[in-house]
Amino acid sequence: MRVTVSEVVFDCADPAALVRFWAALLGGEPVDRDPGWSYVEPPGFVRVAFQRVPEGKSAKNRLHLDLEGGDVAKAADAAVALGAVRVGGIVEDEQGSFQVMRDPEGNEFCFVAG
């Protein structure tokens, strides 16, 4: 049996707010299906959805998105303007560079180049 990924779902406290951050970052229009479920369908990517859960985030994500956006520093600056937070500085090695980020609810993601 072979399956395909239809969406990536983030647990969160405020789906409507978080989908707007990610829609601004990835492209696409935010959709609020109900107060506990929102999603965006970014161009060229699977649906990214957000579901309300009662518990808060308590540890590092076990899965995160690596996003290519050209210049890592400029991508990080743009994300910060939308409400993201940098985690440390840009890391560079022989494979390229990356910047760890957190979205407005603390979910980790990275900008990568190389």
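Strand E1 gives the most to the lining of the largest pocket, five residues in total; strands here are DSSP runs of E, at least two residues long and numbered from the N terminus. The model is a predicted one, so to speak of local features takes a pLDDT of at least 70 and side-chain atom pairs count only at pLDDT 80 or more, while totals for chains, interfaces and linings use all residues. Residues are numbered from 1 along each chain as its sequence is written, and side-chain values use heavy atoms, with hydrogens and water left out.

Now for the pocket itself. Its lining takes in 18 residues, and those nearest the centre are Phe10, Asp11, Lys57, Asn61 and Asn107. (On a 1 Å grid over the protein atoms alone, a pocket is an open set of points with protein on both sides within 12 Å along at least five of seven lines, and lining residues have an atom within 4 Å of a point.)

Asn61 sits in the loop between E4 and strand E5 (65-68). With a relative accessible area of 15%, Asn61 is buried, a word that means under 20%. Its side chain makes a polar contact of 3.5 Å with that of Lys57 (a pair of N or O atoms within 3.5 Å, one able to donate a hydrogen and the other to accept it; residues adjacent in sequence count only if both atoms are side-chain atoms). Leaving aside neighbours within four places in sequence, Asn61 also touches Phe10, Asn107 and Glu108, contact being heavy atoms within 4.5 Å.

And the sheet? Four strands make an open, mixed one in the order E1-E4-E3-E2, where pairing takes at least two DSSP bridges. Strands E1 (7-12) and E2 (31-34) are its edges, each pairing on one side only.

Note on methods:
Buried means under 20% relative accessible area, exposed over 50%, partly exposed in between (1.4 Å probe, protein chains only). On a 1 Å grid over the protein atoms alone, a cavity is a set of points where a 1.4 Å probe fits but cannot get out, and a pocket is an open set with protein on both sides within 12 Å along at least five of seven lines; lining residues have an atom within 4 Å of a point.
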